[in-house]
Amino acid sequence: MQRRHALAALAAVGLPAWAAGKPIVLGFSQIGAESAWRTANSASIKQAAKDAGITLKFADAQQKQENQIKALRAFIAQKVDVIALSPVVETGFGTVLREAKAAGIPVILTDRLVKEADESLWVSFMGSDFVEEGRRAGRWLIDKTKGGTGEVRIVELQGTVGAAPALDRKKGFEEAIKDQPRLKIVRSQTADFSRAKGKEVMEAFLKAEAGRKVDVLYAHNDDMALGAIQAIEEAGLKPGKDILVISIDGVRAAFEAMVAGKLNVTVECSPLLGPPLMQAVKDLKAGKTLPRRIVTEEGVFPAEVAARELPKRRY
Ligand code: AHR
């Protein structure tokens with residue numbers, strides 16, 4: 001009875017629903033389901049919301065920025081308590097982010113960053129350091145090819161055009177190898193982070209390079225590498241041996257490919273952002289100031305440790 005009175009009093013002074021004992025409502029705009037990483041990321045967010053007692057409004061944008069903008073506008077109209085956005089590309093979100101700010105709804109960016117001069121449009125950005133992931137991939141290759149002579153010809157499969165992980169992983173890798181004149185990127189093209197496109201673009205690379213040796217494949221994610229591995233095998237070559245294969249994410253299928261000797265290294269990028277996101281949402285609603293940047297801790301897994309690590313993988 002007393003609690004009912006307290007809730008009525010809170011409502012009367014216009015406090016938001018969560019303060020009156022109702023669950024916090026989080027609107028989350030997800031990119032899509034382009035990769036095993038993304039599927040694991042969505043599962044992590046859904047499970048963590050359930051565990052935290054947060055009401056989750058989950059919108060899958062199917063890779064389209066316009067769908068993300070629509071979803072954000074719907075969340076604003078529904079007056080959710082917090083919005084979380086994993087933006088498909090870096091640019092073009094300014095207007096809708098300003099609308100959220102004007103409505104007094106805090107936005108947390110997860111996984112990927114946007115490029116906006118006004119950084120007050122989001123309260124925190126949580127996720128990996130993609131530039132560092134690219135550097136780690138480059139450093140692994142430098143170490144692997146150390147002591148050799150002659151050109152090392154690299155083909156690169158980029159992620160989605162305009163997406164932060166595609167831009168940053170390219171930048172980090174190039175930065176790491178820039179003082180290594182032997183290491184040359186001879187072809188670089190997007191395969192949209194998907195396995196099917198990874199296969200298709202790798203087939204095209206091998207055709208275009210017929211008669212010349214391709215030494216290394218650097219793929220911005222595991223799914224594209226796994227598709228490319230198929231293309232390499234269909235071309236009568238041995239992935240992991242004739243062509244070194246480097247990728248990013250660390251999904252279970254990549255570990256299996258390493259155990260099978262077809263992939264040489266995966267640089268970890270954790271999709272398990274659900275628990276830290278829910279914690280951040282709760283902290284925010286409790287009046288705490290979130291750190292501007294929450295960086296995920298990650299490792300590098302070469303094929304030599306794959307069999308030992310595989311049973312421990314959570315995605
Ligand atoms: O933004 C993270 C990237 O997006 C992952 O590396 C990739 O697999 C996904 O599609």
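Trainee: Which strands does helix α3 lie across?
Mentor: Helix α3, residues 65–77, lies across β1, β2 and β3 (82–85) and runs at about 170° to β1. Contact means heavy atoms within 4.5 Å. Axes are lines fitted to C-alpha atoms, for helices over the stretch in contact, with angles from 0 to 180 degrees between N-to-C directions. Helices (H or I, at least four residues) and strands (E, at least two) are DSSP runs, numbered from the N terminus.

Trainee: What should I know about the model itself?
Mentor: It is a predicted model: local features need pLDDT of at least 70, side-chain atom pairs count only at pLDDT 80 or more, and totals for chains, interfaces and linings use all residues. Residues are numbered from 1 along each chain as its sequence is written, and side-chain values use heavy atoms, with hydrogens and water left out.

Trainee: Back to the strands. What is the order in the sheet with β1?
Mentor: That open sheet of six strands runs β2-β1-β3-β4-β5-β11, with parallel pairing. Two strands pair if DSSP finds at least two bridges between them. The edge strands are β2 (55–60) and β11 (293–295), each pairing on one side only.

Trainee: How many bridges join β1 and β2?
Mentor: Six, in the parallel sense, with β1 covering residues 25–30. Phenylalanine 28 stands opposite phenylalanine 58 in β2.

Trainee: Next, the other sheet. What is the strand order there?
Mentor: It is an open sheet of six strands in the order β7-β6-β8-β9-β10-β12, with mixed pairing. β7 (183–190) and β12 (300–302) stand at the edges with a single partner strand each, so one side of each has no neighbour in the sheet.

Trainee: Which residue is opposite serine 247?
Mentor: Threonine 266 in β10. Strands β9 (residues 244–249) and β10 (residues 265–268) pair in the parallel sense over four bridges.

Trainee: New topic: the ligand. Which residues surround it?
Mentor: Among them are Glu34, Ser35, Trp37, Arg169 and Asp249; a residue counts as near if one of its heavy atoms lies within 4 Å.

Trainee: What distance separates glutamate 34 from a ligand oxygen atom?
Mentor: A polar side-chain atom of glutamate 34 lies 2.4 Å from an oxygen atom of the ligand. For serine 35 the corresponding distance is 3.0 Å, and for arginine 169 it is 2.8 Å.

Trainee: How much of the ligand's accessible area does the protein cover?
Mentor: The protein covers 100% of the 280 Å² that the ligand has on its own, by the Shrake-Rupley method with a 1.4 Å probe.

How values were computed:
A polar contact is a pair of N or O atoms within 3.5 Å; within protein, one must be able to donate a hydrogen and the other to accept it, and residues adjacent in sequence count only if both atoms are side-chain atoms.
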